[in-house]
There are 2 protein chains.
Amino acid sequence: MRRDVFQAIADPTRRAIILLIAIKAMTPNAIATHFDITRQAVSKHLRILTECELVKTEQSGREIFYELNGTKMLEVDKWLAAFRKLWESRFNELDQVLLTMKKNKQ
Amino acid sequence: MRRDVFQAIADPTRRAIILLIAIKAMTPNAIATHFDITRQAVSKHLRILTECELVKTEQSGREIFYELNGTKMLEVDKWLAAFRKLWESRFNELDQVLLTMKKNKQ
DNA sequence: TTTACATGCAACCAGTCAGTTGCAAATATA
DNA sequence: TATATTTGCAACTGACTGGTTGCATGTAAA
């Protein structure tokens, strides 16, 4: 079973859960009230998020609080970094074009 | 059929294809030589990438060149931006802790 | 014109996924 | 202690996915 960050954030419900608990840690029950799916379905999403370490848990009596492990998101950020270079070089090319146009004008 | 950028980059083969054509535009056949799957499978991935506008095509005779539409990746970047703020505030909290420790030391 | 090549599309298949219901375990409360 | 609450886990289901093979279409070359 494949279980990486990219697959985890592919599901829109999971992305919504991530945004929710990014603000403050929440229990599965509390999270489920924000969606039209059963608590068990939310729990399954939380398990997936936990398995790929995007989320950590903290037990408090019979309640379990789920909170975001923000650093794990850096993996996606790291992958995107490769393209950031590309965008910058594209912008640099555009700069070159503008510079050439300017030069020819003078 | 759901078809967004997050779902598109969830598949490791598609991420590899994206990295390949980020360097230079390529034909499906050329791309397929880099993988252990059939050309048709690659074509299906390319169709998904095209449908969510991560990739654009340019016909040249009987060949079709696929090239990356880098700007579409900004959507993922935009989503991550929300968490970047979070990381920064976490670092700020850490700064506060360090500052307090320093103050108490004096 | 005939042949070879590049590609997309359709049908099929096994595995995965997101959701459901039902149930057992652990903790809080009466 | 008996009851209610919170949770995780297992079994099931319909839909989707990534892969395959086969075929039709369009373009280049012989």
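Colleague: How many residue pairs are in polar contact across the interface of chain A and chain B?

Modeller: A polar contact is a pair of N or O atoms within 3.5 Å; within protein, one must be able to donate a hydrogen and the other to accept it, and residues adjacent in sequence count only if both atoms are side-chain atoms. Here the rule finds two such pairs between chain A and chain B, both at pLDDT 80 or more. Keep in mind that this is a predicted model, where local features need pLDDT of at least 70, side-chain atom pairs count only at pLDDT 80 or more, and totals for chains, interfaces and linings use all residues. Residues are numbered from 1 along each chain as its sequence is written, chains are lettered from A and ligands numbered from 1 in the order in which they are written, and side-chain values use heavy atoms, with hydrogens and water left out.

Colleague: Which elements does chain A bring to the side that touches chain B?

Modeller: Helices (H or I, at least four residues) and strands (E, at least two) are DSSP runs, numbered from the N terminus. Helix H1 (5-8), H2 and helix H5 (74-105) of chain A each give two or more residues, and H5(A) gives the most, with nine.

Colleague: And what about salt bridges between chain A and chain B, how many are there?

Modeller: You look for a side-chain nitrogen of Lys or Arg within 4 Å of a carboxyl oxygen of Asp or Glu. The count between these two chains is four. One of them joins Asp77(A) to Arg84(B), with the closest N and O atoms 2.6 Å apart.

Colleague: How much area do chain A and chain B bury between them?

Modeller: The size of an interface is often given as the accessible area lost when the parts come together. Buried area is that loss (1.4 Å probe), summed over both parts. Chain A and chain B bury about 2,300 Å², 71% of it on carbon and sulfur atoms. Arg15(A), Trp79(A) and Trp87(A) supply 24% of the area that chain A buries against chain B, more than any other three residues.

Colleague: Now the DNA. Which residues are closest to DNA strand C?

Modeller: A residue is near a strand if one of its heavy atoms lies within 4 Å of it. DNA strand C has 27 residues around it, and the closest are Thr38(A), Lys44(A), His45(A), Ser43(B) and Tyr66(B). Arg62(A) has a polar side-chain atom 3.2 Å from a base oxygen.

Definitions and conventions. Buried area is the accessible area (1.4 Å probe) that two parts lose on being put together, summed over both.
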